[in-house]
Amino acid sequence: MDRLGRYFLDRPSWLIVLVTVALVALPLAVWLDLRALSDETLRRQATSLNGIVSSVRSYYARNVVQRVVTSDVETQALHNYLDVEGAIPIPATLSLELGEAIGEAEGDVRYRFVSDYSFADRPPHVLSPFERSALEQFRSNPDGEPFLVHSTGNIRNREITLATPVVMAGACVECHNAHPKSPKQDWKVGDVRAVQTVTVRQPVALNLWSFKWLLLYFAVAGSIGLLFAMVQFRLAGRFSRMNAELAANNAFLADISLKISKYLSPQVYKSIFSGEKDASISTERKKLTVFFSDIKDFTATTEQMQPEELTALLNQYFSEMAKIAEAHGATIDKFIGDAIVAFFGDPETRGAREDARACVKMALAMQRRLAELEADWSRQGLEHPFKARMGINTGYCNVGNFGSEERMDYTIIGAEANLAARLENIAEPGGIVMSYETYAHVRDIVEATPGEPVQMKGIARSIVPYHIKSVTPDPVAAPVAAVEEGDTLTLDLKALDEATRDILRCAVHEALRKALDGKTAG
């Protein structure tokens, strides 16, 4: 069944042909069945009419023609014509006996001539409810409907009965009113003497079988539809399972990609998952602005700290610096101990000039943020808050994927990257040093002081370092600092003016006096 479903999915033209054949076959089946139904109806009508004509002819030959031909006396019409030689039946008698003859000869058609006024020498007629109702209705409303129709039957057979009134004519009135055995002798012309009914019966199954082509069409179409429904049901179940698996895989991949994004810079993550970069060993030479920073005397600063405290403090430092780097568009290469390596110009670049300016602005923002954090760290008890040194250089480097096919790293190499690291080593704590190549792009936004040319390891040329002036404002010490645990209160009197110091001095003396008085009274 799966093979059949895949067959039609792979060959949709066959499915179109199948649907077209089904659409063409439906009117063809209807036409064939209508023709068969018409033929069957005409055949049964012809058979019924032939039986009726044969019954009438036989009755007429036996009870009229034969009696007239074989008799020598004068012919007369009597209701008891059998008792009189040469007599023939009157119309009422003919109708009664002809109905019996037709009913016996043709099973699908029944004719009855019945009345509630039977002659005395004849048995009374047994009227059906419909015949009695029709007789009463014809008599109560002679000018009403010329006939009445009644349908009966069951699930196997259907019958339709047509009733018409028998109206008394002049000759009939004279005969009935004068006949000694007539139950009613005050008939008038136009009175309803009796009712005659014609009942046609036809089996439902016979008509049902007339739709054999339509039934065959529905059987074939239903079988094909059931087959396709089963195929679709199986395919729907398979698609449902595949969708569930895809949803689970997508959730897994989303979770994995979110975790991977923590190990990559946003630019690299975006370029890899968007398909801009391939995960293969390849590098290219680009002009980059490289940034190096580390914490001055990091080991000495943290040797008195517990590992948990050091981890929390270092993670806070890296988180704050990473936010600033991301905001300025830097690609963070790596964290090495307490050092940060970042660069501008790949995988996205705004040009060498704008990349250098963005890097210097980022370094300035980082130093300002460190000055803000210094007060918080001092309140937390850090004796020597972090002081970062930063170095910046602009030049050509190799950037891309380095490593093996199984394990690679997206990074930069080259003498210009090493120069940024050397410049960071000669920077003062809280200072920024850059090369002339970077200074040339940012001389209009920062003020820098050139240093003495130096020869650096691994660099063939002499380097003139440029020290950025006024990186951060001098931190303003809080005039009052309280320690949460204990009763210690620290005041920086240099941060207060003379009038404030006098007021504070008086307040302290007053507080001490009250404290001593309280102890004496105790």
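Trainee: What should I know before I start?

Mentor: This is a predicted model, so local features need pLDDT of at least 70 and side-chain atom pairs count only at pLDDT 80 or more, while totals for chains, interfaces and linings use all residues. Residues are numbered from 1 along each chain as its sequence is written, and side-chain values use heavy atoms, with hydrogens and water left out.

Trainee: How are helices and strands assigned?

Mentor: They are DSSP runs, numbered from the N terminus: helices are H or I with at least four residues, strands are E with at least two.

Trainee: What span should helix H10 have, and what span does it have?

Mentor: The expected span is 1.5 Å times one less than the number of residues. H10 covers residues 307-327, 21 residues, so it should span 30 Å. Its end C-alpha atoms are 30 Å apart, which agrees.

Trainee: Which residues of H10 are buried?

Mentor: Buried means under 20% relative accessible area, exposed over 50%, partly exposed in between (1.4 Å probe, protein chains only). An α-helix has 3.6 residues a turn, so residues three or four places apart point the same way. In H10 the buried set is Leu 313, Leu 314, Tyr 317, Phe 318, Glu 320, Met 321, Ile 324 and Ala 325. Down the axis they fall within an arc of 160 degrees, so they line one face. That arc is taken from the directions from the helix axis to the C-beta atoms. The face turned away carries exposed Glu 308, Lys 323, Glu 326 and Ala 327.

Trainee: Which strands pair with strand S10?

Mentor: Two strands pair if DSSP finds at least two bridges between them. S7 (residues 283-295) runs antiparallel to S10, with 13 bridges. Glu 284 has Val 399 of S10 as its bridge partner. S11 (residues 408-413) is also antiparallel to S10, over six bridges. There, Phe 402 partners Asp 409, and a hairpin of four residues joins S10 to S11. S12 (residues 432-434) pairs with S10 in the parallel sense over three bridges; Ile 392 stands opposite Met 434.

Trainee: Why is S10 described as largely enclosed?

Mentor: Twelve of the 16 residues of S10 (residues 388-403) are buried, so the rest of the structure largely encloses it.

Trainee: How many salt bridges does the structure hold?

Mentor: Side chains of opposite charge can pair when their charged atoms come close. The test is a side-chain nitrogen of Lys or Arg within 4 Å of a carboxyl oxygen of Asp or Glu. The structure holds 16. One of them joins Arg 389 and Asp 294 (3.4 Å, N to O). Arg 389 lies in S10 and Asp 294 in S7, so the pair ties together parts 95 residues apart in sequence. Arg 389 counts as buried at 12% relative accessibility, and Asp 294 at 13%. Arg 357 also bridges to Asp 444, with closest N and O atoms 2.8 Å apart. Arg 357 is in H11; Asp 444 is in the loop between helix H13 (436-442) and strand S13 (448-450), 87 residues apart. Glu 284, Lys 286 and Asp 346 are linked in a salt-bridge network.
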